[in-house]
Amino acid sequence: MSDDQVASSTRGAKTARGLTAQGGGAQGKAAGSQTLARGLLALEAIAGQPQGLTVNEVAQRLDVHRTIAYRILVTLAEFRLVVRSSDGRYRAGSGTVTLARGYAAGIREAALPVLRRTADELGATVALISAEGDEAVAVAVVEPQTVDYHIAYRVGSRHPIGVGAAGLALAALRLPSPGEPAAVAEVRDRGYARTFGQIEPGAYGVAVPLRTADPALHLCVNLITAREDVVDAAVPVMRAVAEEIAALG
């Protein structure tokens, strides 16, 4: 073989390798884009369903095998974008709050003056509570400046949904389900929750769910006090506050 033939053969091999590499890269990008698209579609579907979705339901929506849907959900769960509840259904996780920080933070910041006014008016701690999987999480807490003694808790405090006034109010935002506690249906019907001693011994709670424009955003306003007379007067005030904050969003 002549030197020219060797050079030609070498160039051909390099070109072939280059085309193969480029082709593999394109295929890799296509596969990556498809996986990302499926993950985003799964996240969007779950966020739009307050009652959550099962693995099979996600697989059906994506038109993929159950195994693929499960892998996507595991990845989303690793980043806390979804969370698997005790009923086996996947719901939006705390990571979605970070992604929607502009919107969620906007509601929180807009709500703070209303919460401060209400806490001082009623002489009790008032908070904005968000649903995160099967837990109710305090995202804003305001203590009253008008009284010397009050019950307080910190931002980030959490307790199970379905327990306490805030937990019941958040549960009432979900679609009715077979076997749900009667207390949840009662809250859904009357529009607020009132409890005593469920989270803190000797403490009364009043919580009202927020009816926001985003059905996937589950929030409520919550009041906690040791005084029964305060909680008696708080119900109409808290209902008005929930409407006011919901309108801000």
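**Exercise 1. Describe how helices H2 and H3 are placed relative to each other in this predicted model.**

Step 1. Two packed helices are described by the angle between their axes and the distance between the axes. Helices here are DSSP runs of H or I of at least four residues, and strands are runs of E of at least two, numbered from the N terminus. Axes are lines fitted to C-alpha atoms, for helices over the stretch in contact, with angles from 0 to 180 degrees between N-to-C directions.

Step 2. H2 spans residues 55-62 and H3 residues 66-78; their axes come within 8 Å and cross at roughly 105°. H2 is therefore roughly perpendicular to H3 (65 to 115 degrees).

Step 3. On the H2 side, Val55, Asn56, Val58, Ala59 and Leu62 make contact (heavy atoms within 4.5 Å) with Arg66, Ala69, Tyr70, Ile72 and Leu73 of H3. By class, eight of the contact residues are nonpolar, one is polar and one is charged.

**Exercise 2. Determine which residues of H6 are buried.**

Step 1. Buried means under 20% relative accessible area, with a 1.4 Å probe and protein chains only.

Step 2. The residues that qualify are Gly164, Ala165, Ala166, Gly167, Leu168, Ala169, Leu170, Ala171 and Ala172.

Step 3. That is nine of the nine residues of H6, so the helix is largely enclosed by the rest of the structure.

**Exercise 3. Summarise the chain as a whole.**

Step 1. The chain holds eight helices and eight strands.

Step 2. Of its 249 residues, 41% count as buried.

Step 3. Among contacts between residues at least 6 apart in sequence, 54% join residues at least 24 apart.

**Notes.** Residues are numbered from 1 along each chain as its sequence is written, and side-chain values use heavy atoms, without hydrogens and water. Local features need pLDDT of at least 70 and side-chain atom pairs 80 or more, while totals for chains, interfaces and linings use all residues.

Technical notes: Angles under 35 degrees count as roughly parallel, over 145 as roughly antiparallel, 65 to 115 as roughly perpendicular and the rest as oblique. Ala, Val, Leu, Ile, Met, Phe, Trp, Tyr, Cys and Pro count as nonpolar, Asp, Glu, Lys and Arg as charged, and the others, Gly among them, as polar. Buried means under 20% relative accessible area, exposed over 50%, partly exposed in between (1.4 Å probe, protein chains only).
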